Amino acid sequence: MHDEPDMSAVPALPDRGLVRDRLGRPMRDLRISVMDRCNFRCPYCMPRETFHERYRFLKSSERLSFEEIARTARVAVGLGVRKIRLTGGEPLLRAGLAELVAEISTIEGVDDIALTTNGVLLANHAAELKGNGLHRVTVSLDSLDEAVFERMNGGFGGLHQVLDGIEAALEAGLGPVKVNAVVKRGVNDHTVLPLLERFRGTAVIVRLIEFMDVGNRNSWRPDAVVPSSELLDSIRARWPVSALPGRIRGEVAERYAYDDGAGEIGFISSVTAPFCGDCSRARLSSEGVFYTCLFASQGTDLRSPLRAGAADDELLALIRRAWTGRDDRYSELRDPKDAVEHPLRKIEMHYIGG
Ligand SMILES: C[S@@+](CC[C@H](N)C(=O)[O-])C[C@H]1O[C@@H](n2cnc3c(N)ncnc32)[C@H](O)[C@@H]1O
Ligand code: SF4
């Protein structure tokens, strides 16, 4: 059951355009899935058994065009969005992605444009993306052990391309580059320390992510989650680290610094320490549905009004209504037993955008 929000605690709106949801949270970030397809089949995200050759991905006419995406982003910025992240599926499979970056970079009010990618195609695109206005990149890399890397991504090679992609991003000035590693018990947990070691003392920040029950098809089980606290204990046995003060509002990672000055590590603990309380992220699927939570089961279709000639004000009203009605806090309410036995029908992550 959701608790009734205490509306007296909702701060006054400082600006006409800013929206807050029913729990007082502003809409600051927009994550846009530009592509539902992927060149990996990570079992925790797009397991092969479901996402096989005959799986029906969107036709290109069903995906939002760059123009439609940029227009939606511009409207969302009018309601308070300041950060835009392009994701997927694999966003670099979308031809001409740098053109979309250029378009978004012209939107007044956008402070930050970021990309999340598996990195396989990044080396070819990093310089152009930077030139067109991309600020930062997050590269997913679950292990440096080739066999484990392949097990985590559904049987594909590409480790060296991913590492080249990280180098290219650093050279292009897309730093600090973040590396996201999902940790699954018994699969890649024994390779976490070597991953950290590789990037200690560089401009790359590794973030360790608890395996989440996103979508309905990734066979999530609580015992496959390695709690961040457990990882922290094994890291501390190797290198002294200290917590960095307070999370930036809306920031998902708890941050720790190596005491010897070799950089920092992030922990994203959506399962054991959920951070719904200050979640300011909205999501736009590749098909143009606006969602207010990663674990949503329904959203607001924007593609139909976009294609029916809706004015900006009409789009703005739809987004405003969706956000002001928002009371999602799935991770805080999740009961691990329920998540396995009575899963909600959630939207798959490749489609809604991770
Ligand atoms: C869905 S992917 C999309 C972008 C790109 N394909 C990539 O892998 O970086 C975005 C992020 O979500 C993470 N992710 C996917 N499924 C997850 C799960 N079940 N639990 C935790 N993180 C997950 C991925 O590791 C990745 O860092
Ligand atoms: S996590 Fe990223 S790379 Fe892996 S299957 Fe999902 S979308 Fe593809």
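This is a predicted model: local features need pLDDT of at least 70, side-chain atom pairs count only at pLDDT 80 or more; totals for chains, interfaces and linings use all residues.
Ligand 1 comes first. There are 20 residues around ligand 1, and Tyr44, Gly89, Thr117, Ser140 and Met212 come nearest. Sorted by class, this shell has 8 nonpolar, 10 polar and 2 charged residues. Several polar atoms of the protein lie beside the ligand. In the side chain of Ser140, an N or O atom is 2.5 Å from an oxygen atom of ligand 1. With Thr117 the backbone takes part: one of its polar atoms is 3.2 Å from an oxygen atom of the ligand. Glu90 faces a nitrogen atom of ligand 1 instead, with a polar side-chain atom 3.2 Å from that nitrogen. On its own, ligand 1 has 540 Å² of accessible area, and the protein covers 95% of this. The elements that give two or more residues to the shell are the strands β2 (83-88), β3 (112-117), β5 (177-183) and β6 (204-210).

Ligand 2 is surrounded by Cys38, Phe40, Cys42, Tyr44, Cys45, Met46, Gly89 and Asn118. By class, its shell has 6 nonpolar residues, 2 polar residues and no charged ones.

The next topic is the aromatic rings. The structure holds 7 aromatic pairs. In one of them, the ring centres of Trp239 and Tyr258 are 5.7 Å apart and the planes meet at 85°, so the pair counts as edge-to-face. Trp239 lies in the loop between α7 (228-236) and β7 (241-243), while Tyr258 is in strand β8 (residues 254-258), so the pair ties together parts 19 residues apart in sequence. Trp239 counts as buried because its relative accessibility is 9%, and Tyr258 counts as buried at 5%.

Strand β8 also holds Tyr256, which pairs with Phe267 in strand β9 (residues 264-268), 11 residues apart.

Elsewhere, ring pairs link Phe40, Phe149 and Phe156 into a cluster.

Two rings have a charged residue over the face. Arg200 lies over Tyr258, at 4.5 Å from the ring centre. Lys184 lies over the face of Phe211, at 4.8 Å from the ring centre.

Terms used:
Residues are numbered from 1 along each chain as its sequence is written. Chains are lettered from A and ligands numbered from 1 in the order in which they are written. Side-chain values use heavy atoms; hydrogens and water are left out. A residue is near a molecule or strand if one of its heavy atoms lies within 4 Å of it. Ala, Val, Leu, Ile, Met, Phe, Trp, Tyr, Cys and Pro count as nonpolar, Asp, Glu, Lys and Arg as charged, and the others, Gly among them, as polar. A polar contact is a pair of N or O atoms within 3.5 Å; within protein, one must be able to donate a hydrogen and the other to accept it, and residues adjacent in sequence count only if both atoms are side-chain atoms. Accessible areas come from the Shrake-Rupley method with a 1.4 Å probe; for residues, only the protein chains shown count as cover. Helices (H or I, at least four residues) and strands (E, at least two) are DSSP runs, numbered from the N terminus. Rings of Phe, Tyr and Trp (its six-membered ring) pair if their centres lie within 6.5 Å; planes under 30 degrees apart count as stacked, over 60 as edge-to-face and the rest as tilted. Buried means under 20% relative accessible area, exposed over 50%, partly exposed in between (1.4 Å probe, protein chains only). A charge sits over a ring if NZ of Lys or CZ of Arg is within 6 Å of the ring centre and within 35 degrees of the ring normal.
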